[in-house]
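Here are some notes to keep beside you while you look through this one for the first time.

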Amino acid sequence: MQPRFDFAKVSPDSYKAVLGLEQYIRNCGLEPRHIHLLKLRASQINGCAYCVDMHVKEARHDGLSEQWINLVCAWRESPLYDARERALLEWTEAVTNVAQSGVPNTSYEEIRKHFSDEEIVKLTTAIGTINVWNRLCVSFRSQHPIDEPAQAA
């Protein structure tokens, strides 16, 4: 897979607009753990290697466990995630797959048990924002960095 072009260089104003949303999400009062969770799950659904790589590294840097990070893709089969996280994962999937899901009432009812209306709006804005990043990175074939292989002890 070859990168098509660097969208940030081709249209700096577009990049800055999306970056403005990103900066809002980082400072809007949502728990970092929830932001990591929704960014990672949406990026997995959208097949965005660039964003999955970035958000795994960010989650790890912020102290989330390898198990917590690794099992996001199979969250329904793992007891690791609490009720709030499960509601958020369900909401993230429904919003990310809006054309197929229509964001069902069951997803909405579940997330309302765990988050305020204001938090739901902020979470949904965060989901929309990562979906924009995913669409840019996948469309223009952004390449994630290749890490150096770990050396055996």
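1. R141 is a handy place to begin: with a relative accessible area of 25%, R141 counts as partly exposed, because that value lies between the 20% and 50% cut-offs. You'll find R141 in the segment after α9. Its phi is near 55°, a positive value in a residue other than glycine. Keep in mind throughout that this is a predicted model.

2. Look for V103 in the loop between α7 (98-101) and α8. V103 is partly exposed, with a relative accessible area of 22%.

3. Next, step into helix α8, residues 105-112, which holds S107. Is S107 buried or exposed? S107 counts as buried because its relative accessibility is 1%, and buried means under 20%. Setting aside neighbours within four places in sequence, S107 is in contact with E90, W91 and A94.

4. T106 also sits in helix α8. At 57% relative accessibility, T106 counts as exposed, because the cut-off for exposed is over 50%.

5. Now for α3, which runs over residues 32-45 and has 14 residues. From first C-alpha to last, α3 reaches 20 Å, close to the 20 Å expected at 1.5 Å a residue. This helix is mostly covered, with 10 of its 14 residues buried. The buried ones are H34, I35, H36, L37, L38, K39, L40, R41, A42 and S43.

6. What do the buried residues of α3 pack against? They pack against α2 (12-27), α4 (49-61), α5 (66-70), α6 (83-96) and α9 (117-139). Just after α3 comes G47, with a positive phi of about 65°.

7. P32 is in helix α3 too, but P32 counts as exposed, at 53% relative accessibility. P32 and C137 are 105 residues apart along the chain, and 22 Å separates their C-alpha atoms.

8. On to α4. Its 13 residues should span 18 Å at 1.5 Å a residue, and its end C-alpha atoms are 18 Å apart, so the two agree. In α4, C51, D53, H55, V56 and A59 are buried. The buried residues of α4 pack against α3, α5 and α9. After α4 comes G63, whose phi is positive, near 95°.

9. Then there are the pockets. The largest pocket has a volume of about 340 Å³. It is lined by 21 residues, and F7, Y50, M54, W133 and C137 are the ones that lie nearest its centre. By class, the lining of the largest pocket has 12 nonpolar, three polar and six charged residues.

10. Which element gives the largest share of the lining of the largest pocket? That is α4, with five residues. At least two lining residues come from each of α1 (7-10), α2, α4 and α9.

11. The second largest pocket has a volume of about 180 Å³. Its lining is made up of E22, R26, L30, P32, I35, H36, K39, E58 and D62. The elements that give two or more residues to this lining are α2 and α3. The largest share, four residues, comes from α3. By class, the lining of the second largest pocket divides into three nonpolar, one polar and five charged residues.

12. Last, a word on annotation. The unreviewed UniProt entry carries the annotation "domain: Carboxymuconolactone decarboxylase-like" over residues 12-94. In the model, the end C-alpha atoms of residues 12-94 lie 31 Å apart. That span is 72% helix and 0% strand.

Methods. Residues numbered from 1 in each chain as written. Predicted model: local features only at pLDDT ≥ 70, side-chain atom pairs only at ≥ 80, totals over all residues. Heavy atoms only, no water. Expected span 1.5 Å × (residues − 1). Buried < 20%, exposed > 50% of the residue type's maximum accessible area, 1.4 Å probe, protein only. Contact = heavy atoms within 4.5 Å. UniProt positions renumbered as here; feature names shortened; annotations may be inferred. 1 Å grid on protein atoms, 1.4 Å probe; cavity = no way out; pocket = protein on both sides within 12 Å on 5 of 7 lines; lining within 4 Å. Points joined across faces, edges and corners; volume = space filled by probe spheres on them. Nonpolar A, V, L, I, M, F, W, Y, C, P; charged D, E, K, R; others polar.
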